[in-house]
Amino acid sequence: MASSAASGLKYLSNALATPEQLSNSSSSIDGVSPDLEASIRFAGAQLTQTAGILLRLSQDIIAQAIVTFTRFWIGSEGGSLRIYSVKDVSAAALYMTAKLSFQPTSPRSVLNVYTFLLSKEASPLWFVNPQGSPDKPMPEAYHLTEGGYQAQRQVLLRIESIILRTLGFNTHVALPHTIALTYLQTLGVPSSAVARRVFEHLNSALLSPQLLYLTHQPNALAVASIYLASREEGVKLVDVEWWEVFDVDREDLGFLVVGMRSMEGFAQAEVEKWKGRGVPMTVDELEGEIERRRMMEEGE
Amino acid sequence: MSSKSRWATDDDPETEAILAQRKREKEEQRRAKAEKQRQLDEQQAQASASDSQPQDPDTTAPPKKRRRLSNDHNEDQPIPTANNEPNILSFPAQEWGPCRNIANFERLNHIEEGSYGYVSRAKDINTGEVVALKKLKMDNSPDGFPVTGLREIQTLLEARHQNIVYLREVVMGTKMDEVYLVMDFLEHDLKTLLDDMSEPFLPSEIKTILLQVLSGLDFLHDQWIMHRDLKTSNLLLNNRGEVKIADFGMARYYGDPPPKLTQLVVTLWYRSPELLLGAEKYSTEIDMWSIGCIFGELLTKEPLLQGKNEVDQVSKIFALTGPPTQQTWPEFRSLPNAKSLRLPPTSSAPTGTPPLLSRAKFPFLTNAGLHLLSSLLALNPSTRLSTKECLAHRYFREDPRPKPKEMFPTFPSKAGMEKRRRRETPEAPKRGQEAPKLDFASVFGGQSSGDTGEQGAGFTLRLG
């Protein structure tokens with residue numbers, strides 16, 4: 001029974017990061033400091049989320065793309081930020097995930113959106129354009145020339161292959177969102193405010209520096225978000241250890257709840273930390289940042 | 001966004017050399033660092049192993065991380081509220097890691113060239129195991145990695161079942177566009193086997209084969225996967241009587257309600273009438289039609305419906321099943337390609353749901369068998385049997401019973417020894433083709449079904 005039950009669970013579960021993968025990364029081996037790596041990964045995940053919205057992809061595709069993007073960077077055999085530009089991996093992860101879904105999109109659409117989001121003058125993203133969106137639209141700032149398109153397309157497709165090779169073609173990502181809705185119904189929570197808050201937590205957790213989607217199965221993420229959301233909304237749940245019914249133990253639940261609650265503080269600290277500057281989105285920008293930090297250290 | 005790219009092809013050989021040199025250096029640096037890191041880890045591991053037994057991080061075991069710690073914890077002090085430990089389900093441990101290189105395999109011989117790649121027999125140099133290597137066709141498409149290949153890998157990785165060919169891993173060559181699927185090697189495919197057999201399988205053997213195919217397909221459909229290219233050449237058989245479904249080049253996920261999908265799927269001879277008539281929404285019933293065709297082929301040793309083209313295929317189908325009527329398939333008139341179809345007067349149409357096929361073509365089939373076949377080859381997809389209904393069908397419970405797998409006869413293997421001859425069967429449709437707008441006006445024209453039909457079975461008396 002165990003084996004047949006387990007094989008039937010595959011589409012509800014994910015491959016998780018090994019302890020080795022969590023404690024090493026190719027970038028840190030290449031001398032990128034952990035806090036810089038976390039900042040860049042956080043910004044890259046946000047870039048993916050925003051691009052997905054502009055491409056009108058549904059959130060499940062975007063979420064899967066962010067998980068794939070995050071998986072790519074971890075472990076000593078993962079991708080290094082000093083070799084691959086974070087913007088390229090973000091675009092390729094989104095493009096590839098959409099390709100496998102019911103809503104495929106074209107390289108041109110993807111590259112148009114990324115050109116806009118990475119424009120230092122017109123981008124609405126705080127970590128690309130700290131001045132904020134311009135008052136008037138400025139299409140000339142994010143025009144993708146035909147030559148630029150051809151070159152970028154080559155990069156997109158090449159990085160797609162590199163992602164596939166790095167992940168051993170493991171493109172499967174199970175998400176907690178639908179599981180959470182089922183659990184909410186099972187628990188008899190009628191409040192749509194709780195459900196909304198659950199989704200907010202699940203979507204923020206995609207950006208977590210603790211890589212929650214890489215360390216825990218979707219059912220655990222679902223349970224933790226329900227626990228947290230019902231507390232925040234003041235909805236009382238059954239007075240027993242209901243999480244065990246959904247195969248989550250107290251320790252995992254506690255860890256995840258703390259992780260999810262810390263997201264807001266982490267995001268604010270990031271904005272504060274990079275105030276007025278852009279987070280490096282390319283290998284060249286990263287080299288510049290590393291050089292800047294080295295000079296600062298030497299200056300002191 | 002600057003278009004300066006690290007990967008843009010640079011024609012200047014000097015810069016190229018410098019770039020290559022730099023890359024090499026970086027690579028070496030990285031390796032050295034990884035090695036240093038590894039040594040550090042080892043030291044730490046040894047240190048922690050010596051002071052705490054249960055946290056021994058063995059590198060071969062699947063990752064357990066926190067879960068493992070908490071389990072250990074629970075053993076020491078059980079949760080006070082419950083008498084026994086909570087029964088918490090553990091999920092199958094899965095990991096990911098980069099692809100290995102093709103150099104780990106030694107190619108033995110070529111097996112066949114399918115529509116989506118070349119298959120050869122190979123040996124894993126490290127373990128000595130014989131495997132099947134399938135090279136994916138990378139059609140240099142402007143869309144990057146072919147989506148069919150991606151779907152094939154994704155569905156195969158997810159479809160772990162004893163009746164579905166086991167994808168061990170994906171390996172790559174030195175170039176980015178060399179991708180190989182490493183799969184378990186099976187000695188035969190049913191098509192080649194049927195071609196070489198002088199007599200068809202015994203009824204008991206047919207049941208064993210069908211039950212296994214149905215059980216694999218049942219699993220696929222449960223996982224929301226449609227195969228979309230079931231045929232005898234995609235069903236593999238090993239010398240232990242095990243049948244496995246292979247070639248997921250056409251497979252994909254489906255949804256409920258069914259999404260709009262291409263009709264250009266399934267090899268012509270196994271393609272269902274709703275696909276031929278241009279249905280834009282279809283579901284798992286198309287696989288069930290193919291099963292019906294395979295069942296018929298197992299019975300007679302010949303492909304059941306060998307149309308020359310789409311129009312001919314439809315006319316062969318109607319010749320076998322009788323034309324659709326308002327009763328048997330009410331929705332059929334609204335299908336795009338049915339507009340041009342002129343049906344003969346309905347008086348000749350058979351009755352019953354589904355109408356039973358003619359007994360003359362399958363003289364040795366029992367009533368239950370004929371009912372199963374007729375229900376698989378039901379024109380109306382909504383009356384076609386599902387995998388679960390088939391598996392519960394009385395045909396499989398009546399005598400002769402399915403032959404135990406261990407008793408299955410063995411055959412000399414073509415795949416293991418020599419290059420296959422090229423088949424004359426048509427191939428699955430190519431991706432990206434336009435679905436043809438077909439004119440079916442001639443379906444009931446002069447042409448009769450006599451050219452493939454009545455093959456005298458001769459005098460055979462075989463009991464399973």
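Some housekeeping first. Residues are numbered from 1 along each chain as its sequence is written, and chains are lettered from A, with ligands numbered from 1, in the order in which they are written. Because the model is predicted, local features need pLDDT of at least 70 and side-chain atom pairs count only at pLDDT 80 or more, while totals for chains, interfaces and linings use all residues.

**Stop 1: the two domains of chain A**

Colour chain A by domain: domain 1 is 18-172 and domain 2 is 177-262, with bounds from an automatic or database domain assignment. Their C-alpha centres lie 27 Å apart. The contact between them takes 12 residues from domain 1 of chain A and 8 residues from domain 2 of chain A; two residues are in contact if their C-beta atoms, placed from the backbone, lie within 7 Å.

Now select helices H4 (34-54) and H5 (59-73) of chain A, the elements that give two or more residues to the domain 1 side. Helices (H or I, at least four residues) and strands (E, at least two) are DSSP runs numbered from the N terminus. H5(A) has the largest share of that side, 7 residues. By class, the domain 1 side has 7 nonpolar, 3 polar and 2 charged residues. Here Ala, Val, Leu, Ile, Met, Phe, Trp, Tyr, Cys and Pro count as nonpolar, Asp, Glu, Lys and Arg as charged, and the others, Gly among them, as polar.

**Stop 2: around H5(A)**

Pick A:Gln59, which is found in helix H5 of chain A. Draw a C-alpha to C-alpha distance from A:Gln59 to A:His177: they are 118 residues apart in sequence and 9.9 Å apart in space. A:Gln59 is partly exposed because 16 other C-beta atoms lie within 10 Å. The cut-offs: buried is 20 or more other C-beta atoms within 10 Å of the residue's own, exposed is 12 or fewer, and partly exposed is in between, with C-beta atoms placed from the backbone.

Then step back to A:Arg56, in the loop between H4 and H5 of chain A. A:Arg56 has a positive phi of about 60° although it is not a glycine. With 10 other C-beta atoms within 10 Å, A:Arg56 is exposed.

**Stop 3**

Select residues 86-100 of chain A, helix H6. Of the 15 residues in H6(A), 14 are buried.

How do the axes of H6(A) and H8(A) cross? They come within 8 Å and cross at roughly 75°, so the helices count as roughly perpendicular. Axes are lines fitted to C-alpha atoms, for helices over the stretch in contact, and angles run from 0 to 180 degrees between N-to-C directions. Under 35 degrees is roughly parallel, over 145 roughly antiparallel, 65 to 115 roughly perpendicular, and the rest oblique.

For the side chains, show A:Asp88, A:Val89, A:Ala91, A:Ala92, A:Ala93, A:Tyr95 and A:Met96 in H6(A); they meet A:Val155, A:Leu156, A:Ile159, A:Glu160 and A:Ile163 in H8(A). By class, this contact has 10 nonpolar, no polar and 2 charged residues.

**Stop 4: across to chain B**

Show both chains: 46 residues of chain B are in contact with 52 residues of chain A. On the chain B side, the elements giving two or more residues are H1 (13-51), H2 (65-76), H3 (147-158) and strand E5 (167-172). H3(B) gives the most, with 7 residues. That side divides into 23 nonpolar, 12 polar and 11 charged residues.

**Stop 5: inside chain B**

Chain B has 11 helices and 11 strands. Buried residues make up 36% of its 464 residues.

Colour domain 1 (107-184) and domain 2 (188-449) of chain B. Their contact takes 19 residues from domain 1 and 26 residues from domain 2. The largest share of the domain 1 side, 6 residues, comes from H3(B).

**Stop 6: two backbone details**

Go to B:Pro400, in the loop between H10 (387-391) and H11 (414-417) of chain B. The peptide bond from B:Asp399 to B:Pro400 is cis, with omega near -10°.

Finish at B:Arg228, in the loop between E8 (225-226) and E9 (235-237) of chain B. Phi of B:Arg228 is near 70°, a positive value in a residue other than glycine. Is B:Arg228 buried or exposed? B:Arg228 counts as buried, with 28 C-beta neighbours inside 10 Å.

Notes:
The expected span of a helix is 1.5 Å times one less than its number of residues.
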